[in-house]
Amino acid sequence: MPDQEAPAARMLRGAGVSPGVGAGPVRVVAGAVPEPPAGARHGGDAEAERAAALAALEAVAADLEARAARAADVGNTDGRDVLNAQALMARDPGLADAVAAKIGDGTAAARAVFEAFGTYRELLAGAGEYLAARVADLDDIRDRAVARLLGVPMPGVPESDEPFVLVARDLAPADTAVLDPAMVVAFVTLEGGPTSHTAILARTMGVPAVVACPGCTEIAEGTRVLVDGAAGTVRIDPSDEQVRAARDAVAARAAILESATGPGATKDGHAVPLLANVGGPQDVAAAVANGAEGVGLYRTEFLFLDRAAPPSAAEQEDAYRKVLEAFPKGKVVVRTLDAGADKPLAFLPPPGEEPNPALGERGLRMLRGHPDVLAEQLGALARAAAGSTARLEVMAPMVTDAEEAAFFAQACRDAGIDHPGVMIEVPAAALRARDLAAEVEFFSIGTNDLTQYACAADRQLGGLAHLQDPWQPAVLDLVAVAAQAAADAGRPCGVCGEAGGDPALACVLVGLGVTSLSMGAPSLPLVRAALARHTLDQCRRAADAARRARTAQLARESARALLPGLAELGL
Ligand code: PEP
Ligand code: MG
């Protein structure tokens, strides 16, 4: 039964700071302790008032220490340390002096405590993100002391006899550290950021958490919610099916991440190198962490999107070398600047007004008008590769015909680059790939642009999403033609568009004859697992079925029906 209600009304969004999903009834942390009225004065016995204030602070410190010991008992050493630090704050002699001085001026104990904490609070709040996050710790000590002095309920976590989702404005360490992870299935807070204690402790405890979630404190006590700590969502009144699906997805993904390791290959051992798409050295760590065997697309224009002047040769060389160094035994495929259309570079403007920039001077067309920029980039690449053991391959974007391919191969050779290639993203290049294969060493199919141009659907227009689908059988036909031409010429043919990161389509692409896949790093484990569960023959059958389909949707469905391992993986 499809979901009939508007999803927006049933879903809250915040920042996911601790992954996993948790579902259960909401328990809201007790409301704030009231602020003692400004100007409240004691009856004249300053000594008794002072003693009451200090006793309250000492009782809070002792309680925090007791909680620290309980946290240590459940193995929560982070929680223990935080609580002991809070106990120290409660016993701070400077704080006690400030409270005593205010009481000496006639201020009532509760108000004196409140005001003395206020001074510390301001100091912390203005002292950078990390210390500002400690403000919640300080407020918690204050509220506990004030609650004792006013005789009102202590703030903190409510009792519950069933597992629950804890919702609060913000969570103090005193609340979270003694929680039983078996009882708390998720945290959701209105305030907080990635460095707040809620986030740190939630991660330590392995409890899913969403912070900075507007509207969460208005959820009625007892309402069932589904919290996704990776996506940062809180679904109100989820169906059993939605809860099951979320749990299955998390379990499947965790299993995939654990089991999918090593070089990419089909179940029967047909190697398909899995490479990463990067936009600069900052993306290398994630690529390595996800097991990339190299880089299949280095989008060099991403380094320079905000530049008014061309980057210096030395700066380029440095940015290229850093990526090459990360893959000493692998290959790194660098794409020369793909300026124009959706990626304009201020230092490479089109020569005139372009009514259709995607059909205008972009990619290699643009670089041919700026031979100095092309030569400088190729020179920087050659120098970066000279001291590296990685295999450098360099390709041009937006190549249309064999003449352009030959021009680029010559420019590479002139710069001392041995492995020139071209992207196949213009339908003309795919259809006549056999001509291009005679000029360069490899192809890399850019399915994003190939789909845009095959279907005449601007990638930037949200309304044409159904035509910007690489499952369109016409796009699959073009991929097949290019891959076959490459194979006939003994050349490798990869895919580096988004299609390569779709586990089902990745299998189909391999079945079409694609020899490597490059994608955003987070997709690597999923694609690795999908390939490992299917033979090359299964991939080929799925590819045939997809090409025989009349629509993108039917292509997807008919391929999936022949790739049973996807459902096993929950993909
Ligand atoms: C593509 O077009 O598929 C591609 C990989 O290049 P970009 O997305 O950078 O245009
Ligand atoms: Mg492209």
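Two strands pair if DSSP finds at least two bridges between them. Helices (H or I, at least four residues) and strands (E, at least two) are DSSP runs, numbered from the N terminus. The structure is a predicted model, in which local features need pLDDT of at least 70 and side-chain atom pairs count only at pLDDT 80 or more, while totals for chains, interfaces and linings use all residues. Residues are numbered from 1 along each chain as its sequence is written, and side-chain values use heavy atoms, with hydrogens and water left out.

**Figure 1. Overview of the chain.**
The chain has 24 helices and 16 strands. Along the principal axes, its C-alpha atoms fill a box of roughly 100 × 55 × 45 Å. Of the 571 residues, 51% count as buried; buried means under 20% relative accessible area, exposed over 50%, and partly exposed in between (1.4 Å probe, protein chains only). Contact means heavy atoms within 4.5 Å. Among contacts between residues at least 6 apart in sequence, 67% join residues at least 24 apart.

**Figure 2. The closed barrel and strand pairing.**
Eight strands form a closed barrel in the order S9-S10-S11-S12-S13-S14-S15-S16, with parallel pairing. From one strand to the next, the twist averages 25°. Axes are lines fitted to C-alpha atoms, for helices over the stretch in contact, and angles run from 0 to 180 degrees between N-to-C directions. Strand S14 (residues 442-445) and strand S15 (residues 493-495) pair in the parallel sense over three bridges, and Gly494 in S15 is the bridge partner of Ser444. Helix H12 (residues 313-326) packs on the sheet, where it touches strands S9 (274-278), S10 (295-299), S11 (331-335) and S12; the direction of H12 makes about 160° with that of S10.

**Figure 3**
Strand S13 (residues 420-424) is mostly covered, five of its five residues being buried. Pro420, Val422 and Ile424 are buried on one side of S13, and Gly421 and Met423 are buried on the other. Strand S12 (residues 391-396) pairs with S13 in the parallel sense over three bridges. Within this pairing, Ala396 stands opposite Val422 in S13.

Helix H18 (residues 447-454) is largely enclosed by the rest of the structure, because seven of its eight residues are buried. The buried residues of H18 are Thr447, Asn448, Asp449, Leu450, Thr451, Gln452 and Tyr453. Their cover includes strands S10, S13, S14 and S15, together with helix H16 (427-431) and helix H19 (473-488). Just after H18, Ala456 takes a positive phi of about 50°.

**Figure 3. The surroundings of Thr336.**
Thr336 is found in the loop between S11 and helix H13 (364-368). This residue is buried, with a relative accessible area of 0%. Not counting residues up to four places away in sequence, Thr336 touches Thr300, Glu301, Leu367, Leu374, Gln377, Leu378, Val394, Met395, Ala396, Pro397 and Phe408.

**Figure 4. Packing of helices H20 and H22.**
Two packed helices are described by the angle between their axes and the distance between the axes. Helix H20 (residues 503-512) and helix H22 (residues 536-548) pack at an angle of about 95°, with their axes 7 Å apart. H20 is therefore roughly perpendicular to H22. Angles under 35 degrees count as roughly parallel, over 145 as roughly antiparallel, 65 to 115 as roughly perpendicular and the rest as oblique. In H20, Cys507, Val508, Val510, Gly511 and Leu512 meet Leu536, Cys539, Arg540, Ala542, Ala543, Ala546 and Arg547 in H22. The residues of this contact of H20 with H22 divide into nine nonpolar, one polar and two charged. Ala, Val, Leu, Ile, Met, Phe, Trp, Tyr, Cys and Pro count as nonpolar, Asp, Glu, Lys and Arg as charged, and the others, Gly among them, as polar.

**Figure 5. Packing of helices H22 and H23.**
The axes of H22 and helix H23 (residues 552-561) come within 8 Å and cross at roughly 155°. The two helices H22 and H23 are therefore roughly antiparallel to each other. Ala542, Ala545 and Ala546 in H22 meet Ala555, Ser558 and Ala559 in H23. The residues of the contact of H22 with H23 comprise five nonpolar, one polar and no charged.

Technical notes
Chains are lettered from A and ligands numbered from 1 in the order in which they are written.
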